[in-house]
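Reader: I would like a close look at one part of this model, the place where two chains meet. Please keep it plain.

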Amino acid sequence: MITLQLLVNGLALGAAYALVALGFVLVLNATAAVNFAQGDLVMAGGLLAVALAPHLPAYLPLPGLLLLPVVLVLMAGLGLLLAAAAYLPLRRRPPVAVFISTIAAGIILQNGASVLFGPEPRAAPPLLSGGTLDIGGLVVAEQSLAIIAVAALLIAGQQWLFGRTQLGRRLRATAQDPEMARACGVPVTAMILVTFALGTAFAGAAGLLLANRYFVTPTAGGDLILKAYIAVTIGGWGSVPGAVAGALLIALFEVGVSSVLSYPVALGLLYATLLVILVARPQGLFGEAARRRA
Amino acid sequence: MLRGVRKWRALAPTLTLPRWAGEGIGVAVLVAYALLYASPYGLRVLTVAGVYALAAIGFQIVFGLGGALSLAHGAFFGIGAYATGILGSQWGFGFAATFPVSLLVPLLLALLVGLPVLRLESHYFALATLGIAQVVHLLAVNSPGLTGGANGLPGVPGIVLFGWAVPRGLPLAAVVWGFVALGGLLAWRLARGRWGRALTLVRDDPLAAGTLGLDVGGLRLAAFALSAVYAGAAGALAVHTQRVVSPEVLEFPIMVSVLTIAVVGGRGRVAGAILGAVLLLHLPEWFRFLERSYLIVYGVALLATIVLAPHGLTGLLDRLFPARPVPLPTPAAPPETAIPTGPLLRVEGLTKGFGGVRAVDGVSLTLEAGTITGLIGPNGSGKTTLVNLISGVEAPDGGRVLMGGTDLAGKRPDRIARAGIARTFQAVSLPEGASVLAAVAAARLERDGSIAQAEAHALWALERLGAADLAARPCAGLPAALRRRVELARALARQPAVLLLDEPAAGLTDGEKAELAGHLRAIAATGTALLVVEHDMGFLLPLAGHVLCLDQGRPLYAGPPEGVRTDPAVVAAYLGEGA
């Protein structure tokens with residue numbers, strides 16, 4: 001029973017991580033740029049939810065879920081801002097320039113948050129009522145199920161967008177080969193902006209989903225960007241399903257090891273695993289083709 | 001307006017400021033500030049600025065010169081700080097013992113993790129080093145027995161130099177800045193010398209650096225390790241200044257500060273590290289109203305600099321006060337390397353596969369001294385792969401590359417280059433930030449004793465190709481034909497026994513091709529064996545004494561050039577079956 005419970009917790013955490021990693025990998029594929037601010041964007045999404053929650057009318061139910069569309073839209077706007085300030089002016093320069101500019105963006109977000117909210121951990125409103133469900137003896141937090149459901153919906157939405165729509169086809173063309181896409185009449189700059197907006201919105205959603213269960217602090221982004229990175233590395237650099245699978249894997253690992261030993265040990269082991277994977281198989285556990293693009 | 005600028009530019013060289021003017025004025029301002037205006041608090045800020053300057057000078061070596069965005073620099077800083085903190089406050093050791101240990105521990109860790117991690121490309125490397133930093137931070141917070149855990153260790157003793165306990169205030173600031181001066185001078189000399197030049201070439205073009213005889217891995221590791229020593233020294237001094245050590249010294253903001261200082265000051269420049277440190281440590285003082293969130297200023301400064309002034313403040317200063325052109329050296333022929341006669345290079349049964357495709361499949365050839373061999377074949381037949389295998393850019397799956405009885409197959413490119421093999425690339429790559437002379441001189445860094453010598457030899461190589469007039473021009477913006485000429489000069493400057501050329505005539509006009517053919521004949525006449533990959537038969541066939549034609553990685557024809565046009569197999573391969 002306890003293992004099942006851990007499994008549900010792990011899946012909930014993994015679902016949120018998957019959104020983070022997915023946003024990271026979408027931007028990476030479209031621009032070949034490593035968005036180092038992705039972790040801080042998650043934090044920003046969480047704090048946005050914290051800030052917005054008191055403004056919801058008290059008689060409305062499901063505060064967290066109602067905030068989701070607002071967070072998505074506002075964070076997408078932040079993504080556009082990020083692209084305009086930290087990516088577009090540097091697109092003809094070596095990748096390290098964008099890497100540093102997104103580090104700078106992350107610093108601004110992190111310290112802006114610490115000025116506005118202070119360093120204390122804060123909790124966003126619960127997605128549902130905050131109660132538990134008893135499924136045949138298995139007590140599951142509604143929150144966990146809600147996280148899994150929302151993340152699954154968003155990921156499915158992303159799959160549908162990329163797989164079935166005209167916009168998705170253009171986004172994929174841009175990710176595959178920007179020069180070729182431009183030659184075929186795809187407005188590449190607009191597609192890159194959409195990708196940044198999407199990636200940032202996903203980070204923000206993850207922030208909202210996580211911020212009730214795990215609390216949010218201004219410096220929470222540092223660990224999250226590394227986890228997103230590990231997920232992407234495990235899943236094969238550049239692969240979207242790989243990133244989702246990698247995120248689930250590290251979350252299960254984290255929850256499992258934390259329950260037996262401790263969270264710092266789990267974190268330490270994760271980073272050690274990252275180093276081993278990088279050195280032994282930098283192209284990721286399941287990927288090869290993506291290596292050259294990155 | 002433009003005329004005014006031009007007039008001013010023309011006047012500028014006549015305003016002969018001494019070479020040290022900029023640095024001298026800077027030092028004078030700093031000293032005057034410390035002596036005359038600085039309050040106790042101001043001196044403290046200046047001391048901390050010195051600590052960061054030292055860390056940033058180290059960061060310039062690995063990031064600025066070496067081009068590796070190491071995010072472990074903050075960790076090395078913290079480890080140096082903890083070494084001093086633990087030994088000083090727990091074990092009662094003095095500065096004379098703790099300071100060397102604070103340099104040594106980061107150095108050892110850098111050597112340990114550097115070997116595997118430095119092989120990674122840009123962002124893999126950055127995030128791997130960030131992972132290292134996070135692990136170190138976790139260890140420090142979670143081993144309270146050793147590090148005092150989250151609370152840290154109080155009671156770190158002050159600096160004692162030769163029996164003199166350095167008091168706080170001006171003396172401490174002076175001692176810290178003394179270390180900055182020492183470290184800065186050392187780094188400045190290294191950066192301007194052969195080692196620094198080699199490191200910048202490794203940064204700009206690791207592939208070419210290897211084929212020019214430079215040990216890419218060794219240079220990167222040395223830069224990483226040296227930067228760790230600087231960080232450790234800065235960490236130790238930081239703890240002596242604060243008298244306590246806590247996990248804060250391992251947190252990301254330190255790394256951010258150092259990165260910001262280096263980028264805002266100007267990448268790769270010692271003066272940039274010092275200027276950036278003084279400026280950025282004082283910025284929060286000027287922006288007091290922001291209180292503890294001074295890091296926002298850092299973030300904005302970093303973002304603004306990377307977008308608006310990619311070469312940082314020192315880059316802007318360079319544009320205001322352009323350096324006077326350095327006079328060209330007197331060309332000098334490098335010492336003759338005796339090239340033996342007869343077969344120089346023997347390739348036997350060389351094989352290489354990518355995935356399921358055999359790119360090179362059992363190729364053998366012999367290059368005789370003083371001859372030109374043509375290597376032809378349709379696109380994708382394995383010509384460039386063969387050149388890559390011989391020069392060590394790629395490792396063969398099987399076969400031998402024999403030179404003077406030594407099998408070079410699978411050896412590192414720099415080992416192969418030192419055995420006397422030079423090459424050019426199909427897509428010419430030159431370090432865009434360098435002058436033509438510096439780019440060619442890179443070929444001599446591994447052999448010559450000084451930069452001056454290397455440049456004299458480089459000018460000789462340029463002269464031999466009739467390109468001496470290019471020497472002072474920047475590589476950036478050079479037309480394709482001239483780029484090829486410069487690259488050939490770079491290969492020639494190595495005085496190779498064997499020269500591998502990958503499509504040297506691509507994109508040249510007929511006149512330029514004829515000129516190139518003359519140069520290649522002259523090179524062969526000195527005894528060098530040439531292997532020329534080329535599509536242009538009109539250029540190659542009159543030039544080559546022997547031709548090898550590949551098709552799908554296999555030798556299709558080997559013999560005199562006259563036979564190529566009539567050989568049915570070659571014709572079929574080029575024109576398709578049944579043509």
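How much area is buried between chain B and chain A, and what percentage of that area do carbon and sulfur atoms give?

Author: This is a predicted model, in which local features need pLDDT of at least 70 and side-chain atom pairs count only at pLDDT 80 or more, while totals for chains, interfaces and linings use all residues. Residues are numbered from 1 along each chain as its sequence is written, chains are lettered from A and ligands numbered from 1 in the order in which they are written, and side-chain values use heavy atoms, with hydrogens and water left out.

About 3200 Å² is buried between chain B and chain A, and carbon and sulfur atoms give 78% of that area. Buried area here is the accessible area (1.4 Å probe) that two parts lose on being put together, summed over both. In chain B, the residues that lose the most area to chain A are B:His123, B:Tyr124 and B:Leu127, together 21% of what that side buries.

Counted by contact (heavy atoms within 4.5 Å), chain B contributes 35 residues and chain A 39 residues. On the side of chain B that touches chain A, the elements giving two or more residues are helix H6 (122-142), helix H12 (252-265) and helix H14 (295-308) of chain B. Helices are DSSP runs (H or I, at least four residues), numbered from the N terminus. H6(B) supplies the largest share of that side, 12 residues.

By class, that side of chain B has 25 nonpolar, six polar and four charged residues. Ala, Val, Leu, Ile, Met, Phe, Trp, Tyr, Cys and Pro count as nonpolar, Asp, Glu, Lys and Arg as charged, and the others, Gly among them, as polar.
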